[in-house]
Protein chains: 4
Amino acid sequence: MDITPTPRAADLDTRVRAFMAEHVYPNEASFEQEIVDSGDPLHIPPLLDELKAIAKADGLWNLFLPDERFGPGLTNVEYAPLAEIMGGVWWASEVFNCSAPDTGNMEILAEFGTPDQQDRWLQPLLDGEIRSCFAMTEPDVASSDARNIEARIERDGDDYVINGRKWWTSNAINPRAKVAIFMGVTDPDGPPYQRQSQVLVPMDAPGVKVVRPMLVFGFDDGYTGHPEVTFTDVRVPVTNLIGAEGAGFAIAQARLGPGRIHHCMRLIGAAERGLELMCKRVLAREAFGGPLADQGVIQDWIAESRIRIEQSRLLTLKAAWMMDTVGKKAARIEISAIKVAAVDAAIYVLDRAIQAHGGMGVSQDTPLARLYAYARTLRLADGPDEVHKRSIARRELRKHQV
Amino acid sequence: MDITPTPRAADLDTRVRAFMAEHVYPNEASFEQEIVDSGDPLHIPPLLDELKAIAKADGLWNLFLPDERFGPGLTNVEYAPLAEIMGGVWWASEVFNCSAPDTGNMEILAEFGTPDQQDRWLQPLLDGEIRSCFAMTEPDVASSDARNIEARIERDGDDYVINGRKWWTSNAINPRAKVAIFMGVTDPDGPPYQRQSQVLVPMDAPGVKVVRPMLVFGFDDGYTGHPEVTFTDVRVPVTNLIGAEGAGFAIAQARLGPGRIHHCMRLIGAAERGLELMCKRVLAREAFGGPLADQGVIQDWIAESRIRIEQSRLLTLKAAWMMDTVGKKAARIEISAIKVAAVDAAIYVLDRAIQAHGGMGVSQDTPLARLYAYARTLRLADGPDEVHKRSIARRELRKHQV
Amino acid sequence: MDITPTPRAADLDTRVRAFMAEHVYPNEASFEQEIVDSGDPLHIPPLLDELKAIAKADGLWNLFLPDERFGPGLTNVEYAPLAEIMGGVWWASEVFNCSAPDTGNMEILAEFGTPDQQDRWLQPLLDGEIRSCFAMTEPDVASSDARNIEARIERDGDDYVINGRKWWTSNAINPRAKVAIFMGVTDPDGPPYQRQSQVLVPMDAPGVKVVRPMLVFGFDDGYTGHPEVTFTDVRVPVTNLIGAEGAGFAIAQARLGPGRIHHCMRLIGAAERGLELMCKRVLAREAFGGPLADQGVIQDWIAESRIRIEQSRLLTLKAAWMMDTVGKKAARIEISAIKVAAVDAAIYVLDRAIQAHGGMGVSQDTPLARLYAYARTLRLADGPDEVHKRSIARRELRKHQV
Amino acid sequence: MDITPTPRAADLDTRVRAFMAEHVYPNEASFEQEIVDSGDPLHIPPLLDELKAIAKADGLWNLFLPDERFGPGLTNVEYAPLAEIMGGVWWASEVFNCSAPDTGNMEILAEFGTPDQQDRWLQPLLDGEIRSCFAMTEPDVASSDARNIEARIERDGDDYVINGRKWWTSNAINPRAKVAIFMGVTDPDGPPYQRQSQVLVPMDAPGVKVVRPMLVFGFDDGYTGHPEVTFTDVRVPVTNLIGAEGAGFAIAQARLGPGRIHHCMRLIGAAERGLELMCKRVLAREAFGGPLADQGVIQDWIAESRIRIEQSRLLTLKAAWMMDTVGKKAARIEISAIKVAAVDAAIYVLDRAIQAHGGMGVSQDTPLARLYAYARTLRLADGPDEVHKRSIARRELRKHQV
């Protein structure tokens, strides 16, 4: 396992860090405040577009995309430290056109899209001109088991007719989101893993309705929010099918691996941010006769945080290296492992950082509570811990079965 | 230690449970929805007043107040199970006129208030006609060490002139909150624990300004929110002083014991609510070929939840029994212990309940995320865990010092 | 729930504590050393008999036995604090004739024994003249599920012929152990819970063979050790049957409740001992410029230890109170809960106490490592945690099943 | 960071694994049984020497030694997987002449020894003809702070006169241990870190007395035991000094880094062993209607075990890689981190493996209890966790100090 940064990775690392230091961190508080002051929870601060333009011009763009036809073609090991840096600020990934769910959607379209689909949807996504949604999770069934999906995609002449209720459809509330990849059942009587298909649904198609925002703890996540959306007799041409009918589950699997590892990379960055803020806080804050930094319990939190971050980062890099060398599928269990480990580390560090900040820690005055909500959600999203652990255990047990 | 329910406690227990079943739980979702639909984050659903009227008429009112002159005079052991029941719904305590910070304020006014102060402020609070604030915590200093408080209360003729910046001033945003108990320094050169005083400040006094709401994991807690408030040259007559000059710290201490134990009682109720919702969810939800309730890991969460709830309830009842028998002061360390233990139990149970609900668990569709935010905040509010643990350790060590 | 000490319980508490202070603690080290120096791992220091005589003369005897015909008839709530005190020294329970497995055997004989059985075995056990074994656990099957037991008890004329392999048969290596209660299958085709019976087997019966000592971590537990024992064509008269044929499982259940709660009581005493030793150690030991007691991390251990001990003690007392008031069977789940909780607390405290002692903590120079081994074993003995938690979860789920 | 196995490391990995499979695992039980049957707790089974001869002939010898003059000169990254394999059986390292404390002693003698010292002591150690001790820890002071050491080394003519009481002096009881490296104070008034020196003391020198064995959770560890040893007016020639007077602390530091990382490597192997045994056990054992392996809680243990092992292994390899590339000193904090992390992982896995085995888990019938005792001891030996965490926290805080 060789995770030595390549020269281009080292260069990008320096430049993304510098970009964050120059453009993102100094504007972090004002970005939030501008949304509050606008009175519009969906307000998108113009700074976002300004920074996107700079990042694009600097070549700090689409860094996530391993496909060299469409992006810089970084390996996962090369991209990991960059995604990590972006993970310290919730809106930073988008500045580099590296934010979910667009990243996964771009990967799918690059790998499975027709040239027409790529022209119409992939290119504007790559250009950062539009955003997109991934409509898979449903309120009425356990999505941890994809076979449960109930939404329907029915052929009717040259169209598909789409019906279903989805939630946690990130970006659906974003006026820039122009398209959703929708997962539904095309063949309810087929083999369990070949019943589903994925189709492209323009967000302005008749019958697409954003029902309500979903809150994460109390956060609505503004323009990137995750609403409940109903699809009622929505018609799209059959050319909107991605891949083949019945390929929905397989495409979702192809999408999930990179999606999960990207989240883990960002989580490690979120944890690093938490540790940094914790250290700064306890150095600055006095109580009971000295800085909090002198207190043994707090030093214990800091040391544990460092240990857990290092460990989960190395495991994430190992999973990235396996994806690069043996492929997404062979790295499946390693990705499950980091999904558990990186979430664990991030939750630990952010929780301790919150505690070290007192009341400020749960408030809007630091990014900690929001990052915590993000990390905590990932313990149950994209496959809850329990499902990932079961997969890990089964592989382990198989080694010893006689 | 005898914590057998007295006949009146048993009767009240039955009646409060029945009230919750008849009036609160069935309206829980619509109460939230009405606030959302109103478009006004400070909206107070009329149901609140309707239920207050019923509770008052039924004698389910001011149950928290041990002082028989002003309330039913329940002991802490008698009140504990009632507060617990209320703790399952964030707005339920107010229905019974048992919600913080009013409870603590009423206790202070009952114990230390002048007859005039009691007429003007205590009576309307007891009647549920107004609400109130407690302005102690400051953004710029570690409030875990009360000696750090910087706000000033300066004598000027027959007035006090008040200046300071406070936050987490619950209710300050509530139009019904008519008065705040304000803690500030009257004698900056006095002995550390005799520098502070408490004065009553009408919320409509010139110079009182609600600066901004504070969020708790994204929640603003609506009309009961906890804003940052500035007090700039606010004038109140010297008759607004509570107790003596320099008694602020002592009064705060007298207030904190009951305040903490009430929070613990509610937390246990919140944990019970979480366990109940978790059980119902896993019985109803199917994945991987059967109900979630059949999965061993989830059964482990349920068993651990029950064990932790039982243990923290018994410890809380012990602390209550000590307050009743040997007094608030002698029970100080026991209160510190439950502050740690009840928060721990509640956080554990609510976190597992969230996990068992998947995405719904972090959303507004259950009370779990909000109750979690409440529980998590109490790990750092009213004295962070670390300060309470230090007190506990010191007493323990003193037993063995030679 | 009223757990106020009765006058006789308070008196016994005082006297047992005084006894320990006068007779046990001062001899704790020399007791161990005498065994080491004897060169005989089964050596029984004469002090044991001396102290038994004193305790018996003082009426500090058979305190565990609720049956007033044979003992002082203390309730479980009355006995709990006494058992707790004894739990701080591994050999102290025997001094008061309150040590397992004799206690459980005496209870069985008192409840189910014939007058002849009581004359022959119960009386000398009550008198502390002999000791006894309980031969249930088998090496080849999971004993957490009693239906798995494979040992056979076959009727042959007026005899039973007994065959089986047992282990963890405490006392079997003790020359004073004169009898074992043996559990085996009498009716292999009967209903699962009516297949087993219990018979009395004299330890000197032909065919009883102690195969080897079993170690717990590295401890062999000397004369009270827990060897593997084979029973080969051992003949006993049918009058040695306890209760009826097929009643073995039911009698085992009747035995387990008190057995478990007694272990929990002792564990809490072991934890108290650990906390006491930890406090004394950190007050006395200096490192990095001051006593270890000043270090925040260690204060955290001490506070957590106190909190966990208090909680598990209260839960144990609740279970005891339920046994006293509603019976062993109705208290079954509460006993499962303390089995988990008291073990957890004891393991936590003892592990931290060990850590605070450095190398001495794992050595023979404190009782900590041995008490740890005892506590850790109880997480898997008498029903492993996992089985108890499953029972707790099932009851919880049943409350919400529709 | 490149931790790809080099060809020679890959070859050694294969061969050490094959050696263990052929020679060690099949003899593991009989090795233990032979010691028990011998009746001599210090018995050394002849198999040990037979296997040493084979390993030596095969070139699987002194693999730990990075110094190419005396050994194969493997890097730490190359050695790590080999040490890990050896860690699964407590006596396996010695087979490859890679067991502590000889390894550290050989490193010291290779680096700081005079040619005469190397001839007399290093060579026979390298040849596996003798064993050795490291006499540093003292019963009366906190050894976590090396400045506390009280033993004296006093110059008297051409001799040093040595007085002190040491414990945990592994091997001192081993008849093959011919020499100890003894750490004591030569200059009590010197600067704190220059007071100590190290001298070679033949174990048969007059005045060296093994006082008693020390137990680790009841284990005496037989011929490799860790006794208390007194040194009373022991005389050695001044040529037995290692390095310079006052260099004792520095040499100890130079020794500790490799010593700690070797322990961590072995611990990871111990954890892998635990996981393997746990998997095999739960596949083979049935309860409640199916193999334990089907139970969710046990799958959770297995998955957590795999995750924790992987993470701590990667962190250990990172520390090894740093030692190889930037040196022992620069890797100091990383070594502290794995000292915490690898111990944590090993304790977790071994504890769960014990639980999965029921009573057998704590007994002599698996290596688990002994490996647990080893892992648990390392949380307090070689610097307790708390000291390592403090170092980690301080470095972290320094990054943010202004």
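Where in chain C is C:N62 found? This residue sits in the loop between α3 (46–57) and α4 (76–86) of chain C, where helices (H or I, at least four residues) and strands (E, at least two) are DSSP runs numbered from the N terminus. The model is a predicted one, so local features need pLDDT of at least 70 and side-chain atom pairs count only at pLDDT 80 or more, while totals for chains, interfaces and linings use all residues. Residues are numbered from 1 along each chain as its sequence is written, and chains are lettered from A, with ligands numbered from 1, in the order in which they are written.

C:N62 is not a glycine, yet its phi is positive, near 55 degrees. With 24 other C-beta atoms within 10 Å, C:N62 is buried (20 or more other C-beta atoms within 10 Å of its own; exposed means 12 or fewer, partly exposed is in between, and C-beta atoms are placed from the backbone). A positive phi also turns up at A:D382, at about 55 degrees and again in a non-glycine. A:D382 belongs to the loop between α12 and α13 (385–400) of chain A, and its 21 C-beta neighbours inside 10 Å make it count as buried. As for peptide bonds, C:A100 and C:P101 are joined in cis, with omega at about 0 degrees, and C:P101 lies in the loop between α5 (92–95) and α6 (102–112) of chain C. A cis bond also joins D:A100 to D:P101, omega being about 0 degrees.

Within chain A, helix α6 (residues 102–112) has eight of its eleven residues buried, so it is largely enclosed by the rest of the structure. Among the buried ones are A:D102, A:N105, A:M106 and A:L109. The buried residues of α6(A) pack against α7 (115–126), β1 (131–135), β4 (177–185), β8 (241–242) and α8 (248–284) of chain A.

Another pairing in chain A involves α10 (residues 332–357) and α12 (residues 368–378), which pack at an angle of about 155 degrees with their axes 9 Å apart (axes are lines fitted to C-alpha atoms, for helices over the stretch in contact, and angles run from 0 to 180 degrees between N-to-C directions). That makes α10(A) roughly antiparallel to α12(A), a label for angles over 145 degrees; under 35 counts as roughly parallel, 65 to 115 as roughly perpendicular and the rest as oblique.

Turning to the interfaces, 32 residues of chain D are in contact with 32 residues of chain A, contact being C-beta atoms, placed from the backbone, within 7 Å. The largest share of chain D's side, twelve residues, comes from α9(D). By class, that side has 16 nonpolar, six polar and ten charged residues (Ala, Val, Leu, Ile, Met, Phe, Trp, Tyr, Cys and Pro are nonpolar, Asp, Glu, Lys and Arg charged, and the others, Gly among them, polar).

The contact between chains B and A takes 33 residues from each. On chain B's side, α12(B) gives the most, with four residues.

Notes
Two residues are in contact if their C-beta atoms, placed from the backbone, lie within 7 Å.
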